[in-house]
Amino acid sequence: LIKDKGQNKSGRPKGLTKRTIDRYKKVFHQFEQSRKKFPSKKKSELYELISTKDYDGKPYSRKTIRNIIEEKKYNLKPSR
């Protein structure tokens, strides 16, 4: 049987949840606080510093934190 393309809507929906975006906002907030507290540190050092903390029970690596902040993922709208 060949189905129409639009009918295969089973499984998990694509996109980010509100919880994930809230977590990203916490990461950004932490970054802003660290920037005020340590104005002489470079961005990479700040990413390293804030990667030591857990956000809602989930740790993030330096690379992920850099992506969240530089790609402005904290401004996204939840899709589900």
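## Burial and overall layout

A residue is buried when its relative accessible area is under 20%, exposed when that area is over 50%, and partly exposed in between, with a 1.4 Å probe and protein chains only. By this rule, 21% of the 80 residues of the chain count as buried. The model is predicted: local features need pLDDT of at least 70, side-chain atom pairs count only at pLDDT 80 or more, and totals for chains, interfaces and linings use all residues. Residues are numbered from 1 along each chain as its sequence is written, and side-chain values use heavy atoms, leaving out hydrogens and water.

The chain holds 3 helices and 2 strands, in the order α-α-β-β-α along the sequence. Helices (H or I, at least four residues) and strands (E, at least two) are DSSP runs, numbered from the N terminus. Contact means heavy atoms within 4.5 Å. Of the contacts in the chain between residues at least 6 apart in sequence, 56% join residues at least 24 apart.

## The nonpolar core

In soluble globular proteins, nonpolar side chains tend to be buried together. A nonpolar core is here a set of buried Ala, Val, Leu, Ile, Met, Phe, Trp, Tyr and Cys residues joined through side-chain atoms within 4.5 Å. The largest one has 12 residues: Tyr24, Val27, Phe31, Leu46, Tyr47, Ile50, Tyr55, Tyr60, Ile65, Ile68, Ile69 and Tyr74. At least two residues of this core come from each of helix H1 (18-37), helix H2 (43-50) and helix H3 (62-70).

Ile65 is one of the core residues. Neighbours within four places in sequence aside, Ile65 is in contact with Val27, Tyr47, Ile50, Ser51 and Tyr60.

## How H1 and H2 pack

Two packed helices are described by the angle between their axes and the distance between the axes. Axes are lines fitted to C-alpha atoms, for helices over the stretch in contact, and angles run from 0 to 180 degrees between N-to-C directions. For H1 and H2 the angle is about 125 degrees and the axes are 10 Å apart. These two helices are therefore oblique to each other; angles under 35 degrees count as roughly parallel, over 145 as roughly antiparallel, 65 to 115 as roughly perpendicular and the rest as oblique. The crossing of H1 and H2 is right-handed. H1 makes the contact through Val27, Gln30, Phe31, Ser34 and Arg35, and H2 through Lys43, Leu46, Tyr47, Leu49 and Ile50. A crossing is left-handed if the near helix is turned anticlockwise from the far one by less than a right angle, and right-handed if clockwise.

Ser34 lies in helix H1 and counts as buried at 6% relative accessibility. Apart from neighbours within four places in sequence, Ser34 is in contact with Leu46, Leu49 and Ile50.

## How H2 and H3 pack

H2 and H3 pack at an angle of about 115 degrees, and their axes are 9 Å apart. Their crossing is right-handed. Lys43, Ser44, Tyr47, Glu48 and Ile50 of H2 meet Arg62, Ile65, Arg66, Ile69 and Glu70 of H3 in this contact.

Lys43, in helix H2, counts as partly exposed at 45% relative accessibility. Not counting residues up to four places away in sequence, Lys43 touches Phe31 and Glu70. The C-alpha atoms of Lys43 and Arg66 are separated by 8.7 Å, with the two residues 23 apart along the chain.

Ser51 sits in the loop between H2 and strand S1 (54-55). At 17% relative accessibility, Ser51 counts as buried. Its side chain reaches the backbone oxygen of Glu48 at 2.8 Å. With residues up to four places away in sequence left out, Ser51 touches Tyr60, Ser61, Arg62 and Ile65.

## Two residues with positive phi

Most residues other than glycine have a negative phi. Asp56, although not a glycine, has a positive phi of about 55 degrees. Asp56 is in the loop between S1 and strand S2 (58-59), and counts as partly exposed at 38% relative accessibility.

Lys72 also has a positive phi, of about 50 degrees, and is not a glycine. Lys72 lies in the segment after H3 and is partly exposed at 49% relative accessibility. The C-alpha atoms of Lys72 and Phe28, 44 residues apart along the chain, are separated by 8.8 Å.

Methods
Polar contact = N/O pair within 3.5 Å; in protein donor to acceptor, adjacent residues only side chain to side chain.
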